[in-house]
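Subject: Handing over the structure

Hi,

Here is the structure I promised to pass on to you. Have a look at it first, and then read on for what turned up.

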Amino acid sequence: MAEGDNKSSNQLAAETASLEEQLQGWGEVILMTDKILRWERAWFPLALMSVVSFSFLMIYYLDPSVLSGVSCFVMFLCLADYLVPALAPRIFGSNKWTTEQQQRFHEICSNLVKSRRRIVGWWRRLFTLKEEKPKMYFMTMLCSLAVVAWVGQQVHNLFLTYLIVSFLLLFPGLNQHGIITKYIGMAKREINKLLKHKEKKNE
């Protein structure tokens, strides 16, 4: 068991080191983005939502076709991939990295590798469910997709995308400041109260 844990740890370390090397040119931008997403300053959430809202308002105003939208998005990614590694050191000064910044960059890369592993694990479990319990798999998939289709039919596509993107961008900050834990705890307490009240009525 210990040997398996060591092997997994070594693989994680190797994958993290590889990702760090690949993202080295983006290091300064990643650290700045991390600060914004974790709300290190009180005005970061407002600035973040302002940028997201403005971007979606522009998309709504321009109303590009799907092909145009995808092309512009990929073009933006290509430009960023070319310009960021070249301009970031001049803007941020990568030679001034502290030990704390290097450690945080390592943690971010490690978390990204762990997240990728979780996604792959969920994907594998889904196929395992398909092989072992095909009826449950198909029922689960059909019900889930039917709910998603119904929600998509009720809510405008762009607005739904805006809500999803906003939640994903706000999630790290909400988690960092304990807001999610707080409301989950409140929800659990309310559910427990309802269950206890129901048990008393049954008695």
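F44 is buried, with a relative accessible area of 8%; buried here stands for under 20% relative accessible area, exposed for over 50%, and partly exposed for anything in between (1.4 Å probe, protein chains only). The ring of F44 forms an edge-to-face aromatic pair with W43, at 4.6 Å centre to centre and 70° between the planes. W43 itself is partly exposed, at 48% relative accessibility. Rings of Phe, Tyr and Trp (its six-membered ring) count as a pair if their centres lie within 6.5 Å; planes under 30 degrees apart are called stacked, over 60 edge-to-face, and the rest tilted. Across the whole structure there are six aromatic pairs. Elsewhere, F56, F159 and Y162 make up one aromatic cluster.

Before you go further, please keep in mind that this is a predicted model: local features need pLDDT of at least 70, side-chain atom pairs count only at pLDDT 80 or more, and totals for chains, interfaces and linings use all residues. Residues are numbered from 1 along each chain as its sequence is written, and side-chain values use heavy atoms, with hydrogens and water left out.

Now to the charged residues. Side chains of opposite charge can pair when their charged atoms come close. A salt bridge is taken as a side-chain nitrogen of Lys or Arg within 4 Å of a carboxyl oxygen of Asp or Glu, and by this rule the count comes to seven. Which residues are linked in a network of salt bridges? They are D34, R38, E40, R104 and E107.

With a relative accessible area of 12%, D34 is buried. Helices are DSSP runs (H or I, at least four residues), as are strands (E, at least two), and they are numbered from the N terminus.

R104 is partly exposed, with a relative accessible area of 22%. R104 has a salt bridge to E107 too, with 2.9 Å between the closest N and O atoms. Both of these residues are in helix α5, three residues apart, or about one turn of the helix. E107 counts as partly exposed, at 32% relative accessibility.

R38 sits in the loop between α2 and α3 (44–62). Leaving aside residues up to four places away in sequence, R38 touches R104, G173, Q176 and H177; contact means heavy atoms within 4.5 Å.

Next, helix α2 itself. Its buried residues are G27, E28, I30, L31 and D34. They are on the same side of α2, because they cover an arc of only 165° around the axis; the arc is that of the directions from the helix axis to the C-beta atoms. These buried residues of α2 pack against α4 (66–92) and α5.

What is there to notice about the backbone? Most residues other than glycine have a negative phi. W39, which follows α2, has a positive phi of about 55° although it is not a glycine. W39 lies in the loop between α2 and α3 and is buried, with a relative accessible area of 14%. D63 also has a positive phi, of about 50°, and is not a glycine. D63 is found in the loop between α3 and α4, and it is exposed, with a relative accessible area of 61%.

Last comes the surface. M32, M75, L79, Y82, L83, L87, I91 and F92 form a nonpolar patch there, with about 810 Å² of accessible area together. Patches are made of residues with over 30% relative accessible area and no salt bridge, with like charges joined within 9 Å and nonpolar side chains (Val, Leu, Ile, Met, Phe, Trp, Tyr) within 5 Å; accessible areas come from the Shrake-Rupley method with a 1.4 Å probe, and for residues only the protein chains shown count as cover. Helix α4 gives the most to this patch, with seven residues. L87, one of the patch residues, is in α4 and is partly exposed, with a relative accessible area of 39%.

Best wishes
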